[in-house]
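Colleague: I am new to this structure and would like a close look at a single part of it. Please pick one spot and walk me through it, then show me how it sits in the rest.

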Amino acid sequence: DEVTASSLVKVTLSGKQVFPPSSAAKVPKGRVFGAGYVLHSAIHATRHDVDSIWHCHSLDATALSQTTFGVLPLSQEAAFALG
């Protein structure tokens, strides 16, 4: 899927969706994930110079987070991440 302006949901700092002023404008189909928005709203509340925030989850990181054992110290990168 491609991210386009029309696929984005605009929200207030409190997380409420802002609908387009014109009824002719396309209303994005989506919802705000409350738990994820906590981080975004905290950044927006603190950094008034930031207009948008984007984060994503790679397939590898998502798969790893689903395991019971998590990151194992099997590489230099993993050892660095584990501290």
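Modeller: Let's start with Asp49 and Arg47, whose side chains meet in a salt bridge, with 2.7 Å from N to O. The term stands for a side-chain nitrogen of Lys or Arg within 4 Å of a carboxyl oxygen of Asp or Glu. Side chains of opposite charge can pair when their charged atoms come close. A search of the whole structure finds one such bridge. Asp49 counts as exposed because its relative accessible area is 54%, while Arg47, at 42%, is partly exposed. The cut-offs are under 20% for buried, over 50% for exposed and in between for partly exposed, using a 1.4 Å probe and protein chains only.

Please keep in mind that this is a predicted model, in which local features need pLDDT of at least 70, side-chain atom pairs count only at pLDDT 80 or more, and totals for chains, interfaces and linings use all residues. Residues are numbered from 1 along each chain as its sequence is written, and side-chain values use heavy atoms, leaving out hydrogens and water.

Now for the wider setting. The chain has three helices and zero strands, in the order α-α-α from the N terminus. Both kinds of element are DSSP runs numbered from the N terminus: helices are H or I with at least four residues, strands are E with at least two. The predictor's confidence in each residue, pLDDT, goes from 0 to 100; its average over the chain is 80, and 88% of the residues score at least 70. Confidence is highest in α1, at 86, and lowest in helix α3 (residues 76-82), at a mean of 79. Of the 83 residues, 7% count as buried.

Helix α1 spans residues 34-46 and includes His40. His40 counts as buried because its relative accessibility is 13%. Leaving aside residues up to four places away in sequence, His40 touches Ile53, Trp54 and His55, where a contact means heavy atoms within 4.5 Å. Leu39 is also found in α1, yet Leu39 is exposed, with 53% relative accessible area.

His40 leads us to the pocket. Rolling a probe the size of a water molecule over the atoms shows where empty space is left. The largest pocket has a volume of about 1000 Å³. Its lining has 26 residues, and the closest to its centre are Leu8, Val9, His40, Ile53 and Trp54. On a 1 Å grid over the protein atoms alone, where a 1.4 Å probe fits, a pocket is an open set of points with protein on both sides within 12 Å along at least five of seven lines, and lining residues have an atom within 4 Å of a point. By class, the lining has eleven nonpolar, nine polar and six charged residues.

Finally, look at Val11, in the segment before α1. Val11 is partly exposed, at 23%, and touches Lys16, Gln17, Val18, Val32 and Tyr37, not counting residues up to four places away in sequence.

Key: Points joined across faces, edges and corners; volume = space filled by probe spheres on them. Nonpolar A, V, L, I, M, F, W, Y, C, P; charged D, E, K, R; others polar.
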